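The following exercises concern how two parts of one protein chain meet. Please work through each task before reading its solution.

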Amino acid sequence: MNSTLKLYEASVVPVPPPPSRFTLNEWYLNNRVRYRTCLDQQQLADKILAECERGREQIQEIALMNKREVDHKIEERIGDITFNKGELVRQRKEVCLEINNLSIYNERIVDALAFLKNQALPINRKCIVLREGRLGIDMCHDDVERELLKETEILESAMSLLYRVMEQGNEQLRRLRSTIYFMDRDLEDKDNVLKIDAGNLSINQNSMNLSMYHGFTPLDPSNITAEEWEVFTRQNIARAAKEINSACCLRSYVNTLIGQVMEDLRNQADIVNEAFRRRIDEIKEAKTKLEVNHSEISRQTNEMTRNILQLEKTLSTNEGFMALSHTRLGKRAQRPGMELCRDLVEVNLVNEVRELRDNCAALQQLLAEAQASLRYLLKTQIQLEEDVNVKTNSLKIDEVDCMTLRQGLDYHNY
């Protein structure tokens, strides 16, 4: 509008040059070129449309085929993971069962050790200490003492062996629990993978919350092959099976060991008890013989005492006769003159004095021998009484104290 007003107001108006002029042939030629170009573009467009439709359908079919293939692989993968997970779960149950079984066997070892340490060994040592209370000649190295010391060695060896086996059992339990730990980690990883793959399987190209990744880090960070994954799982299962087999062998060994140890201890306890019974019978027999001898010695002591009294009485009577003879001789020595002759009375009196003197000497000799014999008899009687007391003390120790203690020995297989 403004430019038109300017033209009207201007004094000089520039005239544009005339347009180009074309011939009619050029016009027809130009139209034919336009038609030809339009037709070529239409054919090209149709070709591109057909190619685009074919490519789109092909790409869409490829995408769908890839999705179906991936879905199928995911399903196969889920199946593989589920199968391996099932194998791990089954093996884990067996490992847990073996842990429980081995724990029970370890408790058996602990119970056996507690019995040996708190009951069997103290009973054995108490018997040894009690037998130190024997007196005199009974304090001897007999079969009972030898078997008790041998029982001590067997008990200590059995405890040492059971301690070592218990340590092996604890180590095996640790290894089984370690296996459980790695299997649990593997199961946890497989559960997470199952959730991930199940989620991937449940979505499609039309699902919500799909996103495109525009980062630089590769979306495929996996550096473990499927074979390595399979080997890893199989190794976990194989390691668990190996530990289960080791635990089974250990349980079998523990069962055999406890049975053998208890059988050896029972046999040794029977040997010790039999030695005690033999020793008790020997002591009883010796005590009976000593009591019989003591009774006989007591009888002889009483007889010897009566014999000494009779000898002393006889000696006193003979001394009386001797005093009578001495008195008679003394009085006859006062005869006067020729009356102091060696008559038959004098001869008989002298002979009587000599014979009485010999008899008194013989009686004194017999009395001395009888008194010496009485002293020996009394000494023997005292020794017999002491020996009977020693045997009584030994019987109390062996039969009452020790055998009562040993009744608490109950060796069983736990």
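The protein chain is divided into domain 1 (44–202 + 227–285) and domain 2 (294–334 + 341–407), with bounds that come from an automatic or database domain assignment. This is a predicted model, in which local features need pLDDT of at least 70 and side-chain atom pairs count only at pLDDT 80 or more, while totals for chains, interfaces and linings use all residues. Residues are numbered from 1 along each chain as its sequence is written, and side-chain values use heavy atoms, leaving out hydrogens and water.

**Exercise 1.** Determine the area that domain 1 and domain 2 bury between them.

Solution. Buried area is the accessible area (1.4 Å probe) that two parts lose on being put together, summed over both. For domain 1 and domain 2 the value is about 1600 Å², with 67% of it on carbon and sulfur atoms. Next, consider individual residues: Leu 130, Ile 280 and Ile 283 supply 31% of the area that domain 1 buries against domain 2, more than any other three residues.

**Exercise 2.** Find the number of salt bridges across the interface of domain 1 and domain 2.

Solution. The rule requires a side-chain nitrogen of Lys or Arg within 4 Å of a carboxyl oxygen of Asp or Glu. Applied to this interface, the rule finds 4 salt bridges. As a further step, examine the side chains of Glu 151 and Arg 406, which form a salt bridge (2.8 Å, N to O).
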